[in-house]
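Subject: Structure for you to look at, with notes

Dear colleague,

I am handing over the structure we talked about, and my notes on it follow below. Please read them with the structure open beside you.

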Amino acid sequence: MRAWDPRIEEMPVLELKKLQYRYLKTLVYRLYSFSDFYHRRMKEQNVHPDDIKSLEDVKKLPFMYKTDLRDNYPNKIFTSSTEELVRYHVSSGTTGKPTVVGYTQKDLDLWTQSLARSLTACGLGRGDVMQVSYGYGLFTGGLGLHYGAEKIGATVVPTSVGNTERQIELMQDLNVTAIACTPSYLNHMGDVAEKMGISIKNDTELKTAILGAEPWSEQMREYLQKEMGISAYNIFGTSEISGPMFTECLEQNGIHIWGDIAYTEIIDPETGENLPAGEKGELVMTILQKEALPMIRYRIGDITCLDESVCPCGRTHPRIDRLSGRVDDMLIIRGINVFPSQVEHALLGISEVSGQHFMIIVEREGTLDNMTVQVELKQESFSDKINDLMDIKRKVSHILKNSLNVSCGVEIMAPNSLPRFEGKAKRVIDRRNI
Amino acid sequence: MDTKDFIIKQISVFSENKPGRLAAIAKALEEEKINIFAFSIAESKGFGVVRLLVDKPAPALEKLAHLGFMVSFTDVIAVNMKDEPGGLYETAKILGNSEINIEYAYAYSGKDAAVLILRVDQVDEAIRGIRKSGGELLKAEMFK
């Protein structure tokens, strides 16, 4: 199939912009009238819905931030009542407080619609068997891809994460043709398959991989494609905008952001000013038709650039480049968001160590990301018995795992052995080379 | 008998597992003209503890702390052994008979004697027990 919805996907750019303006206007009027939160934000910024006279006027509107969701936990800025909600997803927060996203049926339909277009753009459809190896549950990855794949008529194998050997058996037995997971998990599957004496390239039907939820490189794509005989496509989305929503097309040259679903801006993260197409900056998105949790000018925090030219595939919707970093210091470890502030918060609660002096080292060992936290021992906790020191190390490791939801190594260091920072601390050493 | 006479101040130094740490400790002691009678290194993944018996514990501690090492005194006892076949067996029998629980131990064998250095959980009881069973302990005054 050429496109899931050619009328929208190949709409002339000017018409698309007119459509975006219409949606934006409706959204702003609706929020000004029905959202206390956004009404107050607009008043503070001294902007009224009548001031939005063109699509470019979007820049008059105030930004939204991740903290807005945390500060209004769990549902204070929802604009739909519980009667209208059909689902919640919950993501881990920076200091223990998660963020909650609510969905109306229309929100879910739009999310599924977006993925139906995207998966079709990756060449998938009826007759494909898709293994969804993203986590099912509070995380948006599993359920999002599940409904998207069902929508296009693919057969879903909802394996979720883990039990890799069984996943590989099912991949063979059910003639799986496509998989959705993190790039590091697919790589890991390749290693496990090899140990089982199975070559994904020669012994399975796998042809397509939809990969995301963590940063990965072009080199990794080339490696996976060659090693497994597949085509690998980048997928993008965060729970605040619904979940994973947008992918590349067969061209593998930028992620199509459906313009009728989201209006994309790239800004200078320091000044907040809009940057011209092609320049790298912070990704900001307005989700044009969202009901339960509308997001206007949401500062996603990823660094990328925008390409507004019409794609050789015929789709007119703008594309964003592969994400090249974060504005804040957020790390993504095996698909889980980790902020250094979270690590600090956890360490400060442990009396044996100096929580204010720590370093985070991230490495890619083989196929998986490994995070090691180095923290200084307090003089009064020093014991010359190795067992006492090992107990402290285990305690730190346990507490970090509980608060970060991802396990990490711990190194106990001597006092004053870690770097001290004047001004902004650079606590992360990322050796992943991505 | 005062058990205090037999409690020896061992220096314990925390050290990350990286090249040059032992040399840095040894250099510091050399600069203070401190003689090392015995030492051991206990290691774990990522870090270790260097334990030293020196002739002048107080200046040694001060110097190492001044250089930024995490360092502390640990109470240990030192049992004289015969430097001949069966010497350790004789001493170990005494420890066993005295029901002493050893947390760690290391030994050195010098020109005059062989010595077993012990960290035990109940130091006063251990000293009494060893002496009662006929064991000979080094006096703390040797290390001042």
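Helices, for what follows, are DSSP runs of H or I with at least four residues, and strands are runs of E with at least two, numbered from the N terminus. In those terms Asp5(A) is found in the segment before α1 (6-9) of chain A. Please keep in mind throughout that this is a predicted model.

Staying with Asp5(A) for a moment, is this residue buried, exposed or partly exposed? A residue counts as buried if 20 or more other C-beta atoms lie within 10 Å of its own, and as exposed if 12 or fewer do; Asp5(A) has 14 within that distance, and is therefore partly exposed. Asp5(A) and Ser114(A), although 109 residues apart in sequence, are 10.0 Å apart in space from C-alpha to C-alpha.

Chain A as a whole has 12 helices and 20 strands, and 44% of its 434 residues count as buried.

The axes of α8 (residues 183-195) and α10 (residues 218-228) of chain A come within 11 Å and cross at roughly 35°, and the crossing in which α8(A) passes α10(A) is left-handed. On the α8(A) side the residues that meet α10(A) are Pro183(A), Leu186(A), Asn187(A) and Gly190(A), and on the α10(A) side they are Met220(A), Leu224(A), Glu227(A) and Met228(A). By type, the residues of this contact divide into 5 nonpolar, 2 polar and 1 charged.

Chain A also holds an open sheet of 3 strands, in the order β9-β14-β13, with antiparallel pairing. Because β9 (255-256) and β13 (306-307) of chain A stand at the edges with a single partner strand each, one side of each is left without a neighbour in the sheet. The pairing of β13(A) with β14 (residues 319-320) of chain A is antiparallel and runs over 2 bridges, and Leu306(A) has Ile320(A) in β14(A) as its bridge partner.

Turning to chain B, helix α3 (residues 87-97) has Thr91(B), Ile94(B) and Leu95(B) buried. Seen down the axis of α3(B), the buried residues fall within an arc of 100°, so they line one face of the helix. Tyr89(B) and Gly96(B), on the other side of α3(B), are exposed. Among the elements that cover the buried residues are β4, β5, β6 and α4 (123-132) of chain B. After α3(B) comes Glu99(B), with a positive phi near 55°.

Two of those covering strands also pair with each other: β5 (residues 102-109) and β6 (residues 114-120) of chain B are antiparallel over 7 bridges. A hairpin of 4 residues joins β5(B) to β6(B), and Ile102(B) stands opposite Val120(B) in β6(B).

Lastly, how many residues does the contact between the chains take from each? It takes 15 residues from chain A and 15 residues from chain B. On the chain B side, β1 (8-16), β2 (36-44), β3 (47-54) and β4 (71-81) each supply at least two residues, and the residues of that side divide into 6 nonpolar, 6 polar and 3 charged.

Methods: Residues numbered from 1 in each chain as written. Chains lettered and ligands numbered in written order. Predicted model: local features only at pLDDT ≥ 70, side-chain atom pairs only at ≥ 80, totals over all residues. Contact = placed C-beta atoms within 7 Å. Nonpolar A, V, L, I, M, F, W, Y, C, P; charged D, E, K, R; others polar. Pairing = 2+ DSSP bridges. Arc of directions from axis to C-beta. Axes fitted to C-alpha atoms, helices over the stretch in contact; angles between N-to-C directions. Left-handed = near helix turned anticlockwise from the far one by under 90°.
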